Amino acid sequence: MAFVLRRLGFYVAAFFVAATINFILPRLMPGNPIDIMFSQAQGTIPPEARAALIETFGFATGAIHEQYFSYLKSVFTGDLGYSIRFYPQTVGERLGYALPWTLLLAGTATVMAFCIGSLMGVFAAWKRGGAFDAVITPSSLALQAIPPVVIALVALFVFGVMLRWLPTGYAYNPGLDPEFSLRYLGSVFYHAIMPVCSLMIVFVGGYLVTMRNNMIGQLGEDHVIMGLAKGLSERRVKFNYAARNALLPSVTSLGLTLGAILGGSLVTEVVFNYPGLGQTLYIGIVSRDYPLIQGQLLIMTLAILTANLIVDLAYVLLDPRLRRA
Amino acid sequence: MLETLKVFLRNRKAAIGLAIVLGYVAVALIGPLFLAADPMARVGRPHMPPDADALMGTTRMGRDVFAQLIYGTRTSLAVGFFAGLLVVAIGTVLGIAAGYFGGLIDEVINFCTNVVLVIPQLPLLLVIAAFLGQTSPFVIAIIIGITSWAWGARVTRAQTMSLRRREYIQASELVGEPAHRMIFVELMPNLLSIIGFNFIGSVTYTIITQATLEFLGLGNPMAVSWGTMLYHAQNSSAIAVGAWWEILAPAAAVAGIGIGLSLLNFGVDEISNPRLRTLGTIAAAAKAQEKLDRARAQGKLQEAAQ
């Protein structure tokens, strides 16, 4: 419990740092931050909206520490201001609409990559140097070094344009209304296949290699040799004796790669025209919608910290030493 | 030195990786010498498929994809190596400082490292790059460098802490060696493999990240690099109109250097961590070691004879 509480405290501090970076950055830029923000959006925003934006962003007047506190107050009450590009929508509304799609994409890809990668790592390590290991380990390493944008573009071209097997864009058939029906969910599933798989393929290799290397370390340990000497089944030694211990460093690396997967998801969405944070952000970048770009950092930091907390809880479940402490 | 190189090249992964990377470096250095001076020049009709004139076809603007690719190699490698150096420099200094001095310095650095590790990188880079406006590849290298040091710092700190407990370090401390000598003469040589590992990994990461940022529209669209090539291809719907060459060329280039660098890294890891070697490599390494020992013994004999 103390362990989880300590982590929780750390995550609050980390979020604080991200919010502070967001506060400082526009003020480090030369010139008036409000002018920078609106320079690209001249004419598209009515003057009263401009006043509202200035107010919610805490740019107003006053000493820098007063600005900082009013900014922190609006961030912690969930008020991220208005979007310039999607005005009169607020940043919170806009990102709140996009976030579930990104979580669906990144979440499914993470779970699949971690499970498939770790399982293949166990098998590769068990028969080290065998045919499976010799083929799968170098090729997953190679895949891991290819950026998500490249995999997504190639997948889009091959399966979407050339073979016409899978849809090239959107999260579901635009002719359907979002509802809890088999047809709608089927359409969502069908549209998610290509983005999820191309994202997963990039990250599966990392987990495979981590698991394989941990597992090889475990196989030299006394308790595994003891298990084999006792005449336990291969399966039992493999999974209950070696893999369970080898999984701990893998879980740590899972926590560290979450940010990279989320980043990969942003790019994948742009390629597949998927209505998540990445695509919203792309529109925001093109139209220099600074409140939107800043808001996404906070929302994604929050998502990553929450996911890390879940990983910590999993760690407590896997490692009995932490439960006793 | 030559012996070390031999042991290194005996590892197949390291040798192939090194060959790929050196190939890219050669293209970046001498490739543009054989091409027209301006990769942004209009050389043909828009979206011409590959033929004898334009080896990899043309873009929607009628620019030569092959020429852009070669010039882009120069930009992407330069950014990668520059930012890689930056990442390693910051990570190593902070890691050694935290691991060697301990106490409050360690607490502060370690906290910062952990915070930077959990704040998602790409979103943070997007915010910084957005405020800087359409940034040149060089500026992108700097912002990647100052935001990506955390992993290296963490690994270097852990290794420094474990080295610090070794007897030879404690002995030199008792003798009264000054801190700078302890760090540069006693610690550094034992950290070299981690620093090298960190460097190769950082170069890979930077090349990929730069291409991603530029693809998302945060680079200078007039600069020639693999990322801006992808950006222009995406914006001109190259895939939808079937101009696969415009996407495939930069995509293959990024993938190729990524594979080369990570093979190199994996090879180095295998060489420095014997447990990861497969049986064949272990036998080969044992043989190499035998030869090395023999050569050394002979060298000593000769020295003695003189």
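The model is predicted, so local features need pLDDT of at least 70 and side-chain atom pairs count only at pLDDT 80 or more, while totals for chains, interfaces and linings use all residues; side-chain values use heavy atoms, leaving out hydrogens and water. Residues are numbered from 1 along each chain as its sequence is written, with chains lettered from A and ligands numbered from 1 in the order in which they are written.

**Where the chains meet**

- The contact (heavy atoms within 4.5 Å) takes 53 residues from chain A and 45 residues from chain B.
- Chain A and chain B bury about 4400 Å² between them, and 80% of that lies on carbon and sulfur atoms. Buried area here is the accessible area (1.4 Å probe) that two parts lose on being put together, summed over both.
- How many salt bridges join chain A and chain B? The count is 0, where a salt bridge needs a side-chain nitrogen of Lys or Arg within 4 Å of a carboxyl oxygen of Asp or Glu.
- Between the two chains there are 3 residue pairs in polar contact, both residues being at pLDDT 80 or more. A polar contact is a pair of N or O atoms within 3.5 Å; within protein, one must be able to donate a hydrogen and the other to accept it, and residues adjacent in sequence count only if both atoms are side-chain atoms.
- Several helices of chain A each supply at least two residues to the side that touches chain B, among them α1 (2–28), α8 (182–219) and α12 (290–318). Helices (H or I, at least four residues) and strands (E, at least two) are DSSP runs, numbered from the N terminus.
- That side of chain A divides into 38 nonpolar, 11 polar and 4 charged residues. Ala, Val, Leu, Ile, Met, Phe, Trp, Tyr, Cys and Pro count as nonpolar, Asp, Glu, Lys and Arg as charged, and the others, Gly among them, as polar.

**The nonpolar cores**

- A nonpolar core is a set of buried Ala, Val, Leu, Ile, Met, Phe, Trp, Tyr and Cys residues joined through side-chain atoms within 4.5 Å. Buried means under 20% relative accessible area, exposed over 50%, and partly exposed in between (1.4 Å probe, protein chains only).
- The largest core has 127 residues, and those with the most contacts inside it include Val149(A), Leu298(A), Phe215(B) and Trp226(B). Its largest share, 12 residues, comes from α12(A).
- Leaving aside neighbours within four places in sequence, Trp226(B) touches residues including Tyr24(B), Leu69(B), Ile207(B) and Ile257(B).
- Another core, of 12 residues, lies apart from the largest one and includes Val122(A) and Val237(A).

**Salt bridges**

- Over all chains, the count comes to 5 salt bridges.
- Asp312(A) pairs with Arg7(A), their closest N and O atoms being 3.1 Å apart. Asp312(A) lies in helix α12 and Arg7(A) in helix α1 of chain A, so the pair ties together parts that are 305 residues apart in sequence.
- Asp312(A) counts as buried because its relative accessibility is 8%, whereas Arg7(A), at 25%, counts as partly exposed.
- Asp133(A) pairs with Arg212(A), with the closest N and O atoms 2.9 Å apart. Both Asp133(A) and Arg212(A) are buried.
- In chain B, Arg181(B) forms a salt bridge with Glu177(B) at 3.0 Å between the closest N and O atoms.

**Chain B as a whole**

- Chain B has 12 helices and 0 strands.
- Buried residues make up 50% of its 306 residues.
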